[in-house]
Amino acid sequence: MFLYIAGRGHSGSTIADLALTQDQAMTGFGELLSGLGRDGELCGCGLLASECEYWESIAKAGDLVSNSSNGESKSLLKALGSLLNHHSRIVRYPFYWVAPKRILSKVAGSYFLATRKMYDLALESASSKHVVESSKEVTRALLLLRGMDDVLIIHLVRDPAAMLASNMYRVSKGSGFRFMRRSFSSSSFRPLYVFIASFGWLVGNFMVEALRVYSKGNLVRVKYEDICDAPESFVALIEEKIDEPLPFALKFLNGEVGAKQTHGVAGNRERKKQEVRFDRKRAASRDGLKPWERFAVKIITAPLRWVYGY
Ligand SMILES: [Zn+2]
């Protein structure tokens with residue numbers, strides 16, 4: 001099965017991804033769309049993605065889409081990266097949502113072929129049964145649901161105030177505000193960031209909800225807070241969906257063991273640490289919002305916040 005984590009940034013997707021790839025049955029891509037083909041991108045194993053054996057074998061899927069004759073894994077990964085990113089752009093969402101299936105397979109045929117091939121190669125290379133990806137982009141979730149049969153979309157949501165606090169923590173540290181894969185570093189636009197992040201949470205999560213039309217039960221909504229508070233329920237839910245026990249996922253989320261290294265790319269810095277140990281108490285605690293910011297995020301996100309019980 002292809003497990004795809006969708007949702008907003010700063011919602012805990014790196015932790016969920018890491019947890020789900022701890023068992024032998026599962027392998028993963030990490031945050032594929034942002035990491036694939038990026039120059040100097042490090043794989044979770046510590047090597048450059050272009051020099052890691054796992055990615056070298058997945059790069060073979062690039063033969064389907066690349067015209068370059070040298071077949072070097074670096075350029076194949078780049079070709080795959082630009083194909084997948086091109087079709088996953090947010091502006092394409094409305095078209096892909098309404099397009100009849102026959103048009104969809106014409107327009108995005110090579111996208112589906114490449115995705116399927118990468119999936120097969122990853123399973124083969126890691127001797128696993130399932131692939132996890134945490135790109136989060138909603139258009140990719142839509143395409144996967146409409147174009148592939150064995151997909152499970154994990155819609156990860158998090159309290160918008162906590163999401164905003166995590167965003168603003170980045171800004172106050174000087175790492176900038178991330179929006180549409182760009183980084184904005186000026187902290188004088190902080191009020192604007194608050195509005196963008198809040199509206200982004202509302203609209204972005206609504207767009208994932210709208211995928212239920214196509215999901216045939218293959219979309220589950222998971223709250224990050226529930227993963228922290230009751231990891232056993234989250235793990236049991238996924239185990240039931242894939243019909244496979246995931247003992248290491250639970251041990252990791254319970255903080256009993258550190259994460260073993262995986263081959264995922266991009267994602268939160270946590271992934272690159274030598275041994276990540278998940279501390280669910282600490283994970284829930286960060287704050288630092290100004291009172292008006294907390295008020296603004298609550299008002300803007302109200303419609304879905306009530307539905308989700310935040
Ligand atoms: Zn690797």
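Both faces of strand S2 are covered, with Met26, Gly28 and Gly30 buried on one side and Thr27 and Phe29 buried on the other. A residue is called buried if 20 or more other C-beta atoms lie within 10 Å of its own, with C-beta atoms placed from the backbone. Strands (E, at least two residues) and helices (H or I, at least four residues) are DSSP runs, numbered from the N terminus.

This is a predicted model, in which local features need pLDDT of at least 70 and side-chain atom pairs count only at pLDDT 80 or more, while totals for chains, interfaces and linings use all residues. Residues are numbered from 1 along each chain as its sequence is written.

**The sheet**

S2 belongs to an open sheet of 5 strands in the order S2-S3-S1-S4-S7, with parallel pairing. S2 and S7 stand at the edges, each with a single partner strand, so one side of each is left without a neighbour in the sheet. From one strand to the next, the twist averages 25°. Angles run from 0 to 180 degrees between N-to-C directions, and axes are lines fitted to C-alpha atoms, for helices over the stretch in contact.

Two strands pair if DSSP finds at least two bridges between them.

| Pair | Residues of the strands | Bridges |
|---|---|---|
| S2 and S3 | S3: 130-136 | 4 bridges |
| S4 and S7 | S4: 151-157 | 5 bridges |

In S7, Val220 is the bridge partner of Ile154.

**Helices on the sheet**

Helix H1 packs on the sheet and touches S1, S2, S3 and S4, its direction making about 175° with that of S3. Contact means that the C-beta atoms of two residues, placed from the backbone, lie within 7 Å. In H1 (residues 13-20), 8 of the 8 residues are buried, so the helix is largely enclosed by the rest of the structure. Among these buried residues are Ser13, Ile15, Asp17 and Leu20.

**A helix pair**

Two packed helices are described by the angle between their axes and the distance between the axes. For helix H9 (residues 160-172) and helix H10 (residues 190-209), the angle is about 145° and the axes are 10 Å apart. The contact includes Pro160, Met163 and Leu164 of H9 together with Tyr193, Val194 and Trp201 of H10.

Methods:
Buried ≥ 20, exposed ≤ 12 C-beta atoms within 10 Å, placed from the backbone.
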